[in-house]
Amino acid sequence: MAHIIVVGNEKGGSGKSTTSMHVATALARMGHRVGALDLDVRQRSFGRYLENRAHFAQREGLDLPTPILGQLAAETETGTDPLSEAVAALDRECDFILLDCPGSHTRLSQMAHTLADTLITPMNDSFVDFDLLARLSPEGKILGPSIYAEMVWSARQLRGQAGAGPIDWLVLRNRLGTQAMHNKRKVGGALAMLSKRIGFRVSPGFSERVIFRELFPRGLTLLDLKDIGTEQLSMSNIAARQELRELIGELKLPGVTISF
């Protein structure tokens, strides 16, 4: 069976689509067969990113390693489960399937979390996003898990009842500041405490870089720059590639050896 990676939280603007695209495309570039599903049926940022990639590659005559974009059937009043059907279709030909969830609570997102072998939760490095995981007192004391953390706990219980394996949960600190600011240290300390209580790992993600906004219209990632004729990478691009390399390593996915 394919290893299922879910990228999810319940807050927009945390870099889910950028993370999804770079992880899925990196795996495809390393020779793995990768399927992809965008569960945000309204905005479809991840789906459009992949469609932009296909159009750009066709227009420029390039052979870019690309995940297979699956399709979700419309939900019906009879309670049809379009997610399981779409995952099953991709499972027949993929080593990995990446599900990109919307930044809100939906039935599809809830179902996706119960399927996750690996869960990636990107968050901006602030206490505004920390509230996604836990409630804090004004003094900084952890009062209890948030609604999202409780949903992940429920997904873990359902997987246990079904005899499935555990969810490996990685919280990704995106847009980390370059300086060791006081707020950054406090967020890091709070995440370290919370990780032991509710069972996740913490990893640095992607810094805020202009390059990510420039890549989307062409459907490109950091690993495609040389394919489009970029002979010399800037220091920022090299640093971003290293962040991606470290993320893929931190995911500890089965059968994956980093080769970029």
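I sorted the lining of the second largest pocket by class and got seven nonpolar, two polar and three charged residues. The model I am working from is predicted.

I then looked up the space in this second largest pocket, which is about 230 Å³. Its lining includes Met-1, Ala-2 and Ile-4, as well as Arg-159, Ala-164 and Gly-165. Ser-84, Val-87, Ala-88 and Asp-91 are also among the lining residues, along with Leu-115 and Asp-117. Helix α3 (residues 82-91) gives the largest share of this lining, four residues.

Next I checked how α3 sits against α4. Their axes lie 10 Å apart, and the helices pack at an angle of about 45°. I therefore noted α3 as oblique to α4. The crossing of α3 past α4 is right-handed. On the α3 side the contact is made by Pro-82, Leu-83 and Val-87; on the α4 side, by Leu-108, Met-111, Ala-112 and Leu-115. I classed this contact as seven nonpolar residues, with no polar and no charged ones.

Last, I turned to the largest pocket, whose volume is about 930 Å³. It is lined by 44 residues, and Ser-17, Gln-43, Ser-45, Phe-46 and Asp-100 are the closest to its centre. By class, I recorded 16 nonpolar, 16 polar and 12 charged residues in the lining of the largest pocket. Elements that each supply at least two lining residues include α1 (16-29), β2 (34-38), α2 (45-60), α4 (107-115) and α8 (210-215). The largest share, four residues, comes from α1.

Technical notes: Residues are numbered from 1 along each chain as its sequence is written. This is a predicted model: local features need pLDDT of at least 70, side-chain atom pairs count only at pLDDT 80 or more; totals for chains, interfaces and linings use all residues. Side-chain values use heavy atoms; hydrogens and water are left out. On a 1 Å grid over the protein atoms alone, a cavity is a set of points where a 1.4 Å probe fits but cannot get out, and a pocket is an open set with protein on both sides within 12 Å along at least five of seven lines; lining residues have an atom within 4 Å of a point. Grid points are joined across faces, edges and corners, and a volume is the space filled by probe spheres set on the points. Ala, Val, Leu, Ile, Met, Phe, Trp, Tyr, Cys and Pro count as nonpolar, Asp, Glu, Lys and Arg as charged, and the others, Gly among them, as polar. Axes are lines fitted to C-alpha atoms, for helices over the stretch in contact, and angles run from 0 to 180 degrees between N-to-C directions. Angles under 35 degrees count as roughly parallel, over 145 as roughly antiparallel, 65 to 115 as roughly perpendicular and the rest as oblique. A crossing is left-handed if the near helix is turned anticlockwise from the far one by less than a right angle, and right-handed if clockwise. Contact means heavy atoms within 4.5 Å.
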